[in-house]
Amino acid sequence: MSDSPTEKRIVILRLGHRPERDKRITTHVALTARAFGAEGMLLASEDKGIVRSVSDVVERWGGDFYIKHNVSWKAAIRDWKEAGGKICHLSMYGINLPDAIESMKLPDKLMIVVGAEKVPFEIYGLADWNVAVGSQPHSEVAAVAVTLDRLSEGNDPLKNKKFEGAKLEVVPTECGKQVIENPD
Ligand code: SAM
């Protein structure tokens, strides 16, 4: 079972990760994707450390989000398309998200591609949508968060949703911090 707020399957493909400088931001892309309903993230670089730290969060906070590294982005996109999935590439140069969102809601399987350094130009041609979350440069974390929020229908990812098998669960509180251990 996916943690996705709808039955839609959403996977993030992270390109251009440089282990020496992108560890933190790539980890944040994965954690944001998990929190907002993606089923997993494919990392087109080698970085066992990221796999370990994201898996550690999943272990403690629940759900079945997966992360795979060393993925060939060409093969990942080809396989996804062959299985009937669609591709959305997030780029400040694309069309505005509000103009694409209704058609992006239609496919059952959506891969969201985000870069770090400059993405290969081929990606623009392979994508079904090249989508800008505002036409200004900002962050892949913000772009993923806003896109997943806009994609969610009838199941608000900002409401405290349950993650199966969680060992830790936050109790939303007006002031202070409340965490339940082993809530089930
Ligand atoms: N310098 C890189 C280039 O020219 O392609 C972009 C670097 S940017 C920090 C990293 C990633 O964040 C981009 O590849 C894109 O996926 C995402 N991103 C940044 N700003 C965005 C925006 N306004 N809309 C959509 N995605 C954005």
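Helices and strands here are DSSP runs, numbered from the N terminus. With that settled, note that this is a predicted model.

I'll begin with the backbone. Asn70 lies in the loop between β3, residues 66-68, and α3, residues 73-82. Its phi is positive, about 60°, although Asn70 is not a glycine. Most residues other than glycine have a negative phi. Asn182 also has a positive phi, near 45°, and is not a glycine either. That residue belongs to the segment after β8, which spans 179-181. Is Asn182 buried or exposed? Its relative accessible area is 53%, and since exposed means over 50%, Asn182 counts as exposed.

Now the ligand. It sits in the largest pocket, with 16 residues around it. The closest are Leu90, Val133, Gly134, Gln136 and His138. By class, the shell has 8 nonpolar, 6 polar and 2 charged residues.

Which elements supply at least two residues each to that shell? They are β4 (86-96), β6 (129-132) and α6 (140-151). Of the contributors, β4 gives the most, with 3 residues.

A nitrogen atom of the ligand is 2.7 Å from a polar backbone atom of Gln136. For Val133, a backbone N or O atom lies 2.9 Å from a ligand nitrogen. On the oxygen side, a ligand oxygen atom is 3.4 Å from a polar backbone atom of Glu140. As for cover, the ligand on its own has 570 Å² of accessible area, and the protein covers 78% of that.

Methods:
Residues are numbered from 1 along each chain as its sequence is written. This is a predicted model: local features need pLDDT of at least 70, side-chain atom pairs count only at pLDDT 80 or more; totals for chains, interfaces and linings use all residues. Side-chain values use heavy atoms; hydrogens and water are left out. A residue is near a molecule or strand if one of its heavy atoms lies within 4 Å of it. A polar contact is a pair of N or O atoms within 3.5 Å; within protein, one must be able to donate a hydrogen and the other to accept it, and residues adjacent in sequence count only if both atoms are side-chain atoms. Accessible areas come from the Shrake-Rupley method with a 1.4 Å probe; for residues, only the protein chains shown count as cover. On a 1 Å grid over the protein atoms alone, a cavity is a set of points where a 1.4 Å probe fits but cannot get out, and a pocket is an open set with protein on both sides within 12 Å along at least five of seven lines; lining residues have an atom within 4 Å of a point. A molecule sits in a cavity or pocket if more than half of its atoms lie within 2 Å of its grid points. Helices (H or I, at least four residues) and strands (E, at least two) are DSSP runs, numbered from the N terminus. Ala, Val, Leu, Ile, Met, Phe, Trp, Tyr, Cys and Pro count as nonpolar, Asp, Glu, Lys and Arg as charged, and the others, Gly among them, as polar. Buried means under 20% relative accessible area, exposed over 50%, partly exposed in between (1.4 Å probe, protein chains only).
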